[in-house]
Amino acid sequence: MIRNALEYLEISAKNYPDKIALEDEHEKLTYTEYITRAKTLGTYLLKNGLEEYSNKPVAVIIDRNIRSIVAFMGVLYTGNFYVPIDYSLPAERIQLIYDTLDPIAVIDARTNTGKAVEGAIDFTEASTGMEIDEELLKKVRSEAIDTDPIYGIFTSGSTGVPKGVVICHRGVIDMVEAFAETFGFDDGMVHANQAPFDFDVSVKDIYNAMRNGGSIVVVPKKLFLLPKLLLEFLVKYKANTLIWAVSALRIVSDFKAFGAVDEKPQMRYIMFSGEVMPIKALNYWMDNIPEPMYVNLYGPTEITCNCTYCIIEGKQDELKALPIGKAFVNTKVVLLDEKREKPVTKPGDVGEVCVGGAGLALGYWNNPEKTKEAFFQNPAITEHPSLLYGTGDMAYYNEDGNLVFAARRDFQIKHMGHRIELGEIEVALNAIPFIDTSCCLYDEERNKIVCFYQSQSDDTKAIIKFLSDKLPKYMWPNIFKRYDRLPMNKNSKIDRVKLKEEIRK
């Protein structure tokens, strides 16, 4: 029985010692080198103050490099958990994270550190040159249980203070076992990592590769502005598995980049999450690379990455919403009414997606009030504790029994006497041939629906004409704002916060 995610690394290092496990533009490591450096770092940390701690946070200053991943594993060898921190964030936000976290140590895993961070442990020095103390590492492991924390990821908080979601080993183990069982993952997979390491999408690359003896190649950030070079990179490194944010896949479709390359990447899996995938973008990928399994993944950080999936069979109707599918094995997904008291089961009726199971987060670090607010008792079970997390996402069951995302709870508006899901408007807008993607927000002061859209042409009349056949007039946007490129946040999602600021101008 696997009770610690490091066991996956140890098994793969034994089975595939000379196989390239990790690679970036600066270096690559075999599984033997990977585990050796992680154990060396773990030994260094234990002998330099961490032996007296367990289940405490260690901050890792990350980069788009494989050192960050090795640093994560080194921390786990100490019996503590890692928290990735991106030093390109505003200094004030970094300080808020540190104030909440109060880490027992900080590791700088950046490749080109530039200005050193005061008090941080240098990764290179700590992961080389020290003899591994196997007995010490074994002692730490003997005390481990599968509900020990494995990582923390900070998400935005409604009060402006970031919330640290804490996930346990069992959550990650449950996730990778479900992926292997559901999708047939194996040792032939080469993951092209797109997601930043402080974004939970990257967890799927790190631990699925480790569990199956696969490989990870870290894609340089700059390539996501250069779609032709991005596709050439995938070919060069023989990447065959993409678990990407929707916006990263959209970069290729928006620029019709397949027409610019001589050779297309040979893919086995293309999986996406984070936002609603525009059907035009999905169909463009399927037209050009029809062979791989395409999967729409859904889930909040609080359920260890994903709770539902939908394997997509063939090209989709551009005017229909793509299902988020069914729950993963060993995961509970229910729709609840507005008061979170009764289940919503009738096809077409909208309810809030609430999730539970082994993947459920332990809570928010050092924030019992927010934890109690977000994680609540399943109303269908009164005899014993059974927690659910309320995602704030609204969905409904279609006639096939699949869940379909409707909108964020706070994206449901009352306009002209009608209750409207802004997501429904976005689906219609995204079907317009000359629109790459769109975002609708509500200007409450002026009672206006504002449409922000990405397109190379500005034709409001054509948009209205298209919508007139698809939506009732009360759902048409009142204001249209065109962008060459919609602003994106650091997690590669449309930056709705920034767009809200545009409304106020």
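Which residues are exposed on the other side of α14? They are K461 and K465, where exposed means over 50% relative accessible area and buried under 20%, with a 1.4 Å probe and protein chains only. The model is predicted, so local features need pLDDT of at least 70, side-chain atom pairs count only at pLDDT 80 or more, and totals for chains, interfaces and linings use all residues. Residues are numbered from 1 along each chain as its sequence is written, and side-chain values use heavy atoms, without hydrogens and water.

**Overall fold**
- The protein contains 15 helices and 26 strands, which are DSSP runs (helices H or I, at least four residues; strands E, at least two) numbered from the N terminus.
- Its radius of gyration is 23 Å, close to the 23 Å that the globule rule gives for 505 residues, so the protein is as compact as a globular protein of that length; the radius is taken over C-alpha atoms, and the rule is 2.2 Å times the number of residues to the power 0.38.
- The C-alpha trace spans about 70 × 60 × 45 Å along its principal axes.
- Of the 505 residues, 58% count as buried.

**Helix α14**
- Helix α14 covers residues 460-468, and its buried residues are I463, F466 and L467.
- Seen down the axis of α14, these buried residues fall within an arc of 95 degrees, so they line one face of the helix; the arc is that of the directions from the helix axis to the C-beta atoms.
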